Amino acid sequence: DSVLVAHQLVGPKINRFIALIQHFPTTKFAAIIDNTDSLLALEKEAMNSNVSIDVYIDINNGMDRTGIEIGQGLNELIDQIKPSNTLKFKGLHVYDGQFRDSDYDDRHAQVEGAMQQVLKLYEDLKNESKELELVCGGTPTFSSHLFHAYRICSPGTCVFWDWGYDEKLSEQNFQYAVLIVTRIISKPTEGIITIDLGHKSVGSENPIDKRVKFLNLSNYSLKSQSEEHGVLEVDNWDELKVGEVLFGVPFHICPTVNLHDAFSVISNGKKVDQWQIAGRQRKITI
Ligand SMILES: Cc1ncc(COP(=O)(O)O)c(C=O)c1O
């Protein structure tokens, strides 16, 4: 019943966000802001629509993607939100996706180190308003934040899990919830098989050796991909047959999900349901 849109709202997105609030009155929606222009734009549209908007201030604690750094500008932004009648200051939001060290102790030390100045600010703000919340972390860092009950964790990838995080985050033991099914479509020359898994089917922003790993194939390497083809060099070429099914774990599940319209839901080896992937739409009309 609470949804934090952890992305900067500008232009037409502000009124679409307000439409969401109006359409689902029992859900508590909140937005993040990191600058005065966004604050004023959000405030103006909220006033025009006669709604109140919960906001978290997005803090930049080192990722340098979005957020405002701790300092005078941030203090001024806080002072501007506090008296607002239409915006309600709910707390701080910190996404520390820059910490991806595979050594947990090193990563943990980096996460906590970067949190120190955020925590000081958070404590100061809490002296004035006990309700203020602190939302932080993606999957690589929530295994540090979760030790502190007052921190609200915001991981996403661990829901489906993927090969990339499984390889890197050895302290986390999630199971793969999503696999890609592909088939051998050709054996064009000795030692080579081709499958119907190109870069239209699996996230391919990483190098060729970091796209998909197969659970039921050994001693292979993915050589190339085109839109609808994946070319593999294999050791047991003689044994593999055209039409054979391979089960793949994506290296990066997030862009992979976004390439498909639906999941087939499998229970005890049988398809029992199909879930539409609503997030794939660029725009969902409410
Ligand atoms: C702002 C924000 N919060 C949370 C997440 C979830 O992080 P992860 O995918 O590491 O679980 C992301 C992922 O990109 C993000 O951008």
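Ala262 is partly exposed, because its relative accessibility is 26% and the class covers values between buried (under 20% relative accessible area) and exposed (over 50%), with a 1.4 Å probe and protein chains only. The residue belongs to strand β13, which spans residues 262-267. Its C-alpha atom is 9.3 Å from that of Arg280, a residue 18 positions away along the chain.

The model is predicted: local features need pLDDT of at least 70, side-chain atom pairs count only at pLDDT 80 or more, and totals for chains, interfaces and linings use all residues. Residues are numbered from 1 along each chain as its sequence is written, and side-chain values use heavy atoms, with hydrogens and water left out.

The chain as a whole has 7 helices and 14 strands; these are DSSP runs numbered from the N terminus, helices being H or I of at least four residues and strands E of at least two. Of its 286 residues, 40% are buried. Along the principal axes, the C-alpha atoms fill a box of roughly 75 × 45 × 35 Å.

Two residues other than glycine have a positive phi. For Asn50, phi is near 60°, and the residue sits in the loop between α2 (36-49) and β3 (53-59). Asn50 is exposed, at 71% relative accessible area. For Trp161, phi is near 70°, and its place is the loop between β6 (151-153) and α6 (163-168). Trp161 is buried, with a relative accessible area of 0%.

The ligand takes up the space of the largest pocket. A pocket is found on a 1 Å grid over the protein atoms alone, as an open set of points where a 1.4 Å probe fits, with protein on both sides within 12 Å along at least five of seven lines; a molecule sits in it if more than half of its atoms lie within 2 Å of its grid points.

Notes
1 Å grid on protein atoms, 1.4 Å probe; cavity = no way out; pocket = protein on both sides within 12 Å on 5 of 7 lines; lining within 4 Å.
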